[in-house]
Amino acid sequence: QVRVASSALSLARRLQSSRILVGLSATQYGDLAVAQAIRMSRDGDTVTGIFVPPLIDEKVFPPAALAAMKERKAKQMKEVFERANKVASDAKGTYSAKAAFEVKELPASENRRRAIVDACTSLKADVLVLGALGAGAVRRGEDKVPFDEQKYQQYYNTVASTPDFAMHNAPCPVFIVRPKGQ
């Protein structure tokens with residue numbers, strides 16, 4: 001893992017100007033990924049935060065539930081984008097970075113990890129930065145059960161499925177970020 005991270009960083013620094021993609025999520029891991037992408041960047045680089053919303057099957061849900069789900073999705077995307085912009089702004093100040101930061105919503109997808117890997121190709125990414133863990137299966141039931149960060153880390157203290165998939169399938173180096181001590 002350290003070897004992958006250091007080679008991704010050295011590659012990003014060797015390129016004339018880099019396009020760094022960073023997976024966004026409303027978690028501490030997403031925040032760390034954004035901060036690391038800004039830290040890796042140089043003048044002239046573009047850091048693009050990407051977010052793939054979940055696909056809502058309109059044929060399955062009644063209109064009232066569908067409206068509520070779309071409203072929740074819009075609220076979630078707004079929260080993720082605002083959070084990413086704040087973290088990027090703070091990181092730019094901390095690391096004196098001058099790279100451009102933008103957020104991009106990718107089309108909703110049933111296979112969100114494949115969409116992230118495909119975005120590496122379509123956006124011509126030089127490096128993909130992801131948090132080691134995301135929301136995943138634990139958060140899918142957040143309406144029914146409150147999210148417990150401690151329990152989440154206890155059970156999922158390895159690389160989650162999206163970064164694992166990206167490491168094996170992305171056309172560019174993948175930089176995995178996790179908090180110190182994990």
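This is a predicted model: local features need pLDDT of at least 70, side-chain atom pairs count only at pLDDT 80 or more; totals for chains, interfaces and linings use all residues.
Residues are numbered from 1 along each chain as its sequence is written, and side-chain values use heavy atoms, with hydrogens and water left out.

Strand S4 covers residues 127-131, where strands (E, at least two residues) and helices (H or I, at least four) are DSSP runs numbered from the N terminus. Of its 5 residues, 5 are buried, that is, under 20% relative accessible area with a 1.4 Å probe and protein chains only. Val127, Val129 and Gly131 lie on one side of S4, with Leu128 and Leu130 on the other. Strands count as paired if DSSP finds at least two bridges between them; S4 pairs in the parallel sense with strand S1 (residues 19-23) over 3 bridges, where isoleucine 20 has valine 127 as its bridge partner. S4 also pairs in the parallel sense with strand S5 (residues 174-177), over 4 bridges, and there glycine 131 is partnered by valine 177.

The structure holds 1 cavity of 30 Å³ or more, a cavity being a set of points on a 1 Å grid over the protein atoms alone where a 1.4 Å probe fits but cannot get out, with lining residues having an atom within 4 Å of a point. The largest cavity has a volume of about 40 Å³, taken as the space filled by probe spheres set on the points, which are joined across faces, edges and corners. Its lining includes Leu24, Asp31 and Arg83, and helices H2 (28-40) and H3 (63-95) each supply at least two of the lining residues.

Definitions and conventions: On a 1 Å grid over the protein atoms alone, a cavity is a set of points where a 1.4 Å probe fits but cannot get out, and a pocket is an open set with protein on both sides within 12 Å along at least five of seven lines; lining residues have an atom within 4 Å of a point. Buried means under 20% relative accessible area, exposed over 50%, partly exposed in between (1.4 Å probe, protein chains only).
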